[in-house]
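Subject: Structure handover

Hello,

Here is the structure we talked about. Please open it first, then read the notes below.

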Amino acid sequence: MAVVTLTDKNDTLSDEESIRTCLKTYGIDYERWSPSYEVAADASPEDVLNAYAKEIDDLKTRGGYVTADVIDVTPETPGLNEMLAKFDREHWHDEDEVRFVIAGHGLFHIHADEGVVAIEVEAGDLIRVPKGTKHWFNLCGDRRIRAIRLFQDMSGWTPHYTESEVDRNYQPVCLGASYLPRSAVNL
Ligand SMILES: [Fe+2]
């Protein structure tokens, strides 16, 4: 289950219904998905996509997504720090950012008119960040995430940086996994 922190109110949510309702007000969709059959976290991408084919197809229909793939990030991923440094500054995309987490953790900060909300995701969590939404992303202490991604058009998934430096005001604190402060991650 995700953990949502309303940074302005210093409040934390960790039950599904509260999270879904709260994130809706920030324009973010949140769902919990279950596979149609048991699939290991390290199963092949084909197996993973197959196990969640119904959910993926439903979401494709609803959101106009045309492709789905599986991204795999581990502490050993070559160029990991450079890759993470692309996404830990406030940015937005011309494309929805859709992630369903299979393994590991991730921390999204969403900067909406209502304020900044932190969403820590783990296995079973689906998050949809609509195009144009200002956000940034960090890994947690396990430096691991495996996730299904859905795209309308992969060319739209380029970060546009706001250069606001708002992200500098928020530590990438993951509550469900041990975390490393920004300085220790050496990004
Ligand atoms: Fe992004």
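One term first: buried means under 20% relative accessible area, exposed means over 50%, and partly exposed is in between (1.4 Å probe, protein chains only). This is a predicted model, in which local features need pLDDT of at least 70, side-chain atom pairs count only at pLDDT 80 or more, and totals for chains, interfaces and linings use all residues. Residues are numbered from 1 along each chain as its sequence is written, and side-chain values use heavy atoms, with hydrogens and water left out.

**Iron site**

Which residues hold the iron ion's protein donors? They are His91 (NE2), His93 (NE2), Glu97 (OE) and His135 (NE2), at 2.1 to 2.2 Å from the ion. Donors here are N, O and S atoms within 2.8 Å of the metal (3.2 Å for Na, K and Ca); water is not among the atoms, so sites may look incomplete. The donor residues follow the spacing H-x1-H-x3-E-x37-H. Histidine 91 sits in strand S5 (residues 91-92) and histidine 135 in strand S10, 44 residues apart, and the pair links distant parts of the chain. Helices (H or I, at least four residues) and strands (E, at least two) are DSSP runs, numbered from the N terminus. Are histidine 91 and histidine 135 buried or exposed? Both are buried.

The angles among the four donor atoms run from 82 to 168°, and the site is irregular. Four donors count as tetrahedral if all angles lie between 85 and 135 degrees; four count as square planar and six as octahedral if opposite donors are over 155 degrees apart and all others between 65 and 115; anything else is irregular.

**Cores**

A nonpolar core is a set of buried Ala, Val, Leu, Ile, Met, Phe, Trp, Tyr and Cys residues joined through side-chain atoms within 4.5 Å. The largest one has 28 residues; Val4, Leu23, Ile28 and Ile119 touch the most other members. Elements giving two or more residues to this core include strand S1 (3-6), helix H1 (16-25) and strand S8 (115-121). Another core, of 16 residues, lies apart from it, with Trp33, Val39, Tyr65 and Leu150 among its members.

**Helix H3**

In helix H3 (residues 53-63), Glu55, Ile56, Leu59 and Gly63 are buried. They lie on the same side of H3, because they cover an arc of only 95° around the axis. That arc is taken from the directions from the helix axis to the C-beta atoms. Lys54 and Thr61, on the other side of H3, are exposed. The cover over the buried residues includes helix H2 (45-51) and strand S4 (67-73), with contact meaning heavy atoms within 4.5 Å. Glycine 64 follows H3 and has a positive phi, near 70°.

**Salt bridges**

There are 12 salt bridges, each a side-chain nitrogen of Lys or Arg within 4 Å of a carboxyl oxygen of Asp or Glu. Arginine 128 and aspartate 29 form one (2.7 Å, N to O). Arginine 128 is in strand S9 and aspartate 29 in strand S3 (residues 29-32), so the pair ties together parts 99 residues apart in sequence. Both arginine 128 and aspartate 29 are buried.

Lysine 54 and aspartate 58 form another (3.2 Å, N to O). They are four residues apart in helix H3, so about one helical turn separates them. Aspartate 58 is partly exposed, at 35% relative accessible area.

Best wishes
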